[in-house]
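This report is a first look at one protein chain.

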Amino acid sequence: MPQHFVFGLMAVLALVPASVAAYGRIGADRPVRPGGLFWGLLFLAAAGPVVWSLVQLGGIWRTGVSATLWVSIASCMVLFLALCAATASAWRLSPLLLPYLAALGVLALLTAGSGGTVLRPSAPWIWVDLHIAVSVVTYALLTLGAVAALAAFLQDRALRTKRPNSLSRALPSLADAERLQMWLLSASAVVLGVGLVTGIAVQYLGTGRVIAIDHKVLFSFAAFAAIAGLVAAHAVSGVRGRRAARIALLAYLLLTLGYPGVKFVTGVLMG
């Protein structure tokens with residue numbers, strides 16, 4: 001069995017205990033803030049992908065879809081840990097977030113070795129590293145924002161139909177989910193804006209062109225327009241509920257198509 005498959009499988013398995021613990025809380029009438037065991041499992045779920053990402057990259061950036069997914073999973077878990085420590089309700093997103101990240105880990109495991117090369121840009125490395133770091137943080141923030149939007153959507157539907165279920169009881173309240181959603185989307189808009197600027201700088205320093213229109217650029221600008229428009233609409237008219245959740249999920253879909261989606265098509269489907 002290839003060594004990279006074993007390490008990747010261990011990183012996926014690191015996500016499983018926290019996912020199981022999160023689902024174990026579904027059905028409780030009054031979910032209480034978790035204790036030390038859950039935080040330990042959450043730390044393990046973050047440590048596995050982070051360590052494997054660092055080992056896999058080895059100090060250099062790789063363009064493969066598997067490496068991209070692992071970096072995304074690791075960054076999401078690190079930010080989720082910080083968000084849980086900073087807020088009282090973010091941990092209740094774990095029944096939605098952790099299984100999703102585990103599924104991404106399985107996809108990363110299955111696509112290991114399909115395409116991808118060492119990145120050798122023509123622009124200065126400092127600008128390339130900055131752009132990549134900003135892009136990774138953006139995608140992690142928007143992933144968490146999309147999960148919060150999905151939680152808000154489910155809570156809004158449960159309230160409208162007057163049929164709360166075990167999952168809706170485990171998730172943050174509608175007010176808390178919407179608060180997390182807008183905070184994360186606002187941060188995503190700012191960081192994505194910085195990412196677009198650094199991307200333009202990398203393009204100009206490497207080729208002399210201000211911008212090169214491709215799928216990634218189009219999807220990124222469309223995602224920025226959707227996020228910024230939603231944040232502005234929320235501030236002006238207070239748009240919220242299912243409409244806001246749908247726009248947030250659309251923005252996440254657009255950025256997913258532009259970030260790992262293009263890599264998946266070129267590296268796996270076309271490779």
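The structure described here is a predicted model.

C76 has a relative accessible area of 2%, so C76 is buried. C84 comes out at 0% and is therefore buried. How many disulfides does a search of the whole structure find? The search finds 0.

## The chain as a whole

The chain holds 9 helices and 0 strands. Its pattern along the sequence is α-α-α-α-α-α-α-α-α.

Of the 271 residues in the chain, 47% are buried. Among contacts with a separation of 6 or more, 81% are between residues 24 or more positions apart.

## Helix α3

Helix α3 covers residues 65-86. Its 22 residues should span 32 Å at 1.5 Å a residue, and its end C-alpha atoms lie 31 Å apart, which agrees with that expectation.

Is α3 largely enclosed or largely open? Of its 22 residues, 17 are buried, so α3 is largely enclosed by the rest of the structure.

## Helix α1

Helix α1 runs through residues 3-24 and has 22 residues. The distance from its first C-alpha to its last is 33 Å, close to the 32 Å expected at 1.5 Å a residue.

Which residues of α1 are buried? They are G8, A11, V12, A14, L15, A18, S19 and A22. The cover over these buried residues includes α2 (36-57), α3 and α4 (94-110). Helix α3, with 17 of its 22 residues buried, is thus one of the elements that cover the buried part of α1.

## The surface and a nonpolar patch

The accessible surface of the chain is about 13,100 Å². Carbon and sulfur atoms account for 69% of this surface.

Three elements, α5 (125-161), α7 (174-207) and α8 (215-237), each give two or more residues to the patch.

Is F221 buried, partly exposed or exposed? Its relative accessible area is 36%. This value lies between the 20% and 50% cut-offs, so F221 is partly exposed.

Definitions and conventions
Residues numbered from 1 in each chain as written. Predicted model: local features only at pLDDT ≥ 70, side-chain atom pairs only at ≥ 80, totals over all residues. Heavy atoms only, no water. Disulfide = S-S within 2.5 Å. Buried < 20%, exposed > 50% of the residue type's maximum accessible area, 1.4 Å probe, protein only. Helix = DSSP H or I, 4+ residues; strand = E, 2+ residues; numbered from the N terminus. Contact = heavy atoms within 4.5 Å. Areas by Shrake-Rupley, 256 points an atom, 1.4 Å probe, with all protein chains shown as cover. Expected span 1.5 Å × (residues − 1).
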